[in-house]
Amino acid sequence: YQRAAASSQAAAETLVRLAAVENAGHAVDPALAKASAEYLAGSFLDRATGKWGHMEEGVWTAYITWLWEAGLLTTGTQSRHPDGGRTFSLDDLRQGRAGKKIP
């Protein structure tokens, strides 16, 4: 993350290159990767300490609230290799086929 914060362009290029190799040939759009890396570069490291991994309770509370309001909290577990029973793909989740919604 320190390298990505220091050079968003290099981080985007690395993501694009490795995604094709490590992700079963699925490509990452270079323009999207570059724009995303530039947008996130200022957020990778904590501004006060310069370290990665600082978590703020308010950010997580907002995220969980969004997941719940969007109906994305379910009893299923996301997997890149879904078994159709306990684990599901993101497409399954988007289509409402990923376990029962948590009320």
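When I say contact, I mean heavy atoms within 4.5 Å, and that's how I'm using "pack against" today. One thing before we start: this is a predicted model.

Okay, let's go to helix α2, residues 8-22. Which residues of α2 are buried? They are Ser8, Ala12 and Ala19. They cover an arc of only 45 degrees around the axis, so they sit on the same side of α2.

As for its length, α2 has 15 residues and reaches 20 Å from its first C-alpha to its last, close to the 21 Å expected at 1.5 Å a residue. After α2 comes Ala24, with a positive phi near 50 degrees.

Ser8 has 16% relative accessibility, and the cut-off for buried is under 20%, so Ser8 counts as buried. Setting aside neighbours within four places in sequence, Ser8 touches Ala37, Glu38 and Ala41. Ala20, also in α2, is partly exposed, with a relative accessible area of 39%. What is Ala20 in contact with, leaving aside its neighbours within four places in sequence? That would be Gly25 and His26.

Next, a loop. Ser79 is in the one between β1 (77-78) and β2 (87-88). Is Ser79 buried or exposed? Buried, at 17% relative accessibility. Again leaving out neighbours within four places in sequence, Ser79 is in contact with Thr87, Phe88 and Ser89. And look at Leu90: 11 residues separate Ser79 and Leu90 in sequence, but C-alpha to C-alpha they are 7.8 Å apart in space.

Last stop, the pocket. Rolling a probe the size of a water molecule over the atoms shows where empty space is left. In this model, the largest pocket holds about 310 Å³ of space. Its lining is made up of Tyr1, Gly42, Ser43, Phe44, Leu45, Asp46, Arg47, Trp52, Gly53 and His54. By type, that lining splits into 4 nonpolar, 4 polar and 2 charged residues.

How values were computed: Residues are numbered from 1 along each chain as its sequence is written. This is a predicted model: local features need pLDDT of at least 70, side-chain atom pairs count only at pLDDT 80 or more; totals for chains, interfaces and linings use all residues. Side-chain values use heavy atoms; hydrogens and water are left out. On a 1 Å grid over the protein atoms alone, a cavity is a set of points where a 1.4 Å probe fits but cannot get out, and a pocket is an open set with protein on both sides within 12 Å along at least five of seven lines; lining residues have an atom within 4 Å of a point. Grid points are joined across faces, edges and corners, and a volume is the space filled by probe spheres set on the points. Ala, Val, Leu, Ile, Met, Phe, Trp, Tyr, Cys and Pro count as nonpolar, Asp, Glu, Lys and Arg as charged, and the others, Gly among them, as polar. Helices (H or I, at least four residues) and strands (E, at least two) are DSSP runs, numbered from the N terminus. The expected span of a helix is 1.5 Å times one less than its number of residues. Buried means under 20% relative accessible area, exposed over 50%, partly exposed in between (1.4 Å probe, protein chains only). The arc is that of the directions from the helix axis to the C-beta atoms.
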